[in-house]
Amino acid sequence: MNKKLLELLNKINAKKSEVKALVEKGELDAAEAAKAELEEMQRSFNILKDLDTDENQEINIVNSTTIPANRIAGGMAVQAAAGEKDSLHEFANAVRNLHVTNMIQEGGASGADGGYTVPEDVQTKINQYKEDHRSLRNLVTVEPVKTNKGSRVYQTRTNLTGFSEVDENGLVQAMEEPKFEQIGYTIKDYAGYLPVSNDLLNDSDASIESVIVNWVGRESMVTDTKKILALIASKDATELTGVNGIKHEVNVTLGSAYRANVRIVTNDDGLDYLDTLEDEMGRPYLNPNPTEDNAIKLRVGATTIPVEVYPNADIPSAPVYTKTEDVELDDAKTYYTRTGSGTSESPYVYTAVAEPVVGSIGSYYEVTGMRIPFTLGDLKEAFHIFDRQQTNLFASSEASVSDGTGKVVYNAFAQRGRLYRADMRADYKVIDRDAFVNGYIEVTLGE
């Protein structure tokens with residue numbers, strides 16, 4: 001895309017923002033006039049774009065390919081050209097020349113206020129990044145979708161009764177019909193911020209692409225993991241009593257319907273716990289796979305189950321709080337107060353006491369153990385990610401980002417940089433609640 005077209009595209013995006021602002025102010029007549037100007041600008045863009053396409057298709061590139069026609073989706077998405085070098089350059093230039101607004105609003109509609117839709121080849125690299133790096137996404141079913149809303153029909157597992165005996169001239173009893181469940185999805189936006197220095201914007205095309213791909217890839221993986229953990233937590237937790245508890249859940253609760261594809265998902269604490277277990281012959285229950293690095297299996301009776309281990313930071317263990325039995329303050333301990341009623345509407349909240357006093361020690365709690373997560377099941381049957389596979393970028397040279405306390409941690413104007421926002425689009429669903437167990441093993445600290 002030539003410079004003139006890029007400038008016109010920025011003007012179109014700016015005019016869109018103007019129309020929206022006028023509508024929000026209630027100045028509908030002015031909004032109608034601005035919309036008419038927008039339509040004329042879009043017509044001019046389409047005509048010039050077609051001329052530019054015709055010229056490009058006649059130019060032979062060094063590698064004997066031609067630049068194909070770029071397409072504009074809704075005036076905001078720029079598809080990358082086919083040649084790798086030209087595609088990279090066009091993407092980098094689009095990031096550099098992205099329409100800059102004064103503010104970046106959280107939760108804004110993707111692409112409606114000057115956003116740039118990442119082209120397909122860069123989106124493919126983002127998807128590949130997520131495939132190449134471990135996250136819970138790799139263990140569930142990911143279904144690419146092209147629409148923002150839809151539904152799927154799944155057959156619900158049920159007990160079949162089989163055929164019934166029929167006497168001669170007798171009546172045949174009706175068989176139980178298979179049960180189906182319709183599950184709908186609605187694509188949602190998930191957004192994050194990336195501060196970018198002017199030095200990076202002036203860097204090579206490859207550097208810009210690498211930063212965007214790695215940033216969006218990492219943040220998408222963290223989002224996937226958090227959402228899947230939330231789906232797991234939506235099922236009541238089951239306490240497991242060591243290896244025997246795991247064996248029971250695999251053999252009975254999950255049963256033969258899911259056993260063939262069962263995995264154990266835990267964290268570093270869980271690996272440390274399993275690594276201490278031995279059978280009556282002194283043999284460890286964990287069996288590392290000598291042919292595959294980091295592949296671990298747990299022996300549970302006649303079954304060996306793959307164990308997927310993730311960092312504690314990704315899948316944390318939960319502390320176990322109990323009322324302290326101390327009558328005098330122990331300087332080596334941290335004491336906590338508890339608020340809430342323990343219900344889903346008002347869960348318990350434990351807060352560390354900065355300056356404990358002996359007179360209140362009877363109301364204090366302390367951490368005496370931890371609940372280590374052990375999710376069991378066929379997670380590809382249990383969970384689906386409906387992935388829109390679309391990333392939108394927004395930019396501001398004046399916006400700032402604050403932390404949870406309201407403290408500004410980055411100011412694009414003061415720090416002479418640019419703040420980018422990326423929106424990814426997906427929905428996360430439980431498909432089969434019988435296909436997994438939300439388990440945990442409780443251990444006492446010091447044991």
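Select Lys-235 and Phe-436 to begin: the charged end of Lys-235 sits over the ring of Phe-436, at 4.8 Å from the ring centre, where sitting over a ring requires NZ of Lys or CZ of Arg within 6 Å of the ring centre and within 35 degrees of the ring normal. This is a predicted model, in which local features need pLDDT of at least 70 and side-chain atom pairs count only at pLDDT 80 or more, while totals for chains, interfaces and linings use all residues. Residues are numbered from 1 along each chain as its sequence is written, and side-chain values use heavy atoms, with hydrogens and water left out.

Next, select Arg-338 and Tyr-348, where Arg-338 lies over the face of the tyrosine, 3.8 Å from the ring centre. Tyr-348 counts as partly exposed, because its relative accessibility is 38% (buried is under 20% relative accessible area, exposed over 50% and partly exposed in between, with a 1.4 Å probe and protein chains only).

The structure holds nine aromatic pairs, a pair being rings of Phe, Tyr and Trp (its six-membered ring) with centres within 6.5 Å, and with planes under 30 degrees apart called stacked, over 60 edge-to-face and the rest tilted. The rings of Tyr-321 and Tyr-350 are stacked, because their centres are 3.8 Å apart and their planes stand at 10°. As Tyr-321 belongs to strand S14 (residues 318–323) and Tyr-350 to strand S16 (residues 349–352), the pair ties together parts that are 29 residues apart in sequence; helices (H or I, at least four residues) and strands (E, at least two) are DSSP runs, numbered from the N terminus.

Which residue forms a salt bridge with Asp-387? Select Arg-137, whose closest N atom is 2.7 Å from an O atom of Asp-387; a salt bridge is a side-chain nitrogen of Lys or Arg within 4 Å of a carboxyl oxygen of Asp or Glu. Asp-387 lies in strand S18 (residues 383–396) and Arg-137 in the loop between helix H4 (120–132) and strand S5 (141–144), so the bridge ties together parts that are 250 residues apart in sequence. Asp-387 is buried at 5% relative accessibility, and Arg-137 is buried at 5%.

Finish with Lys-15, Glu-18 and Glu-37, which are linked in a network of salt bridges.
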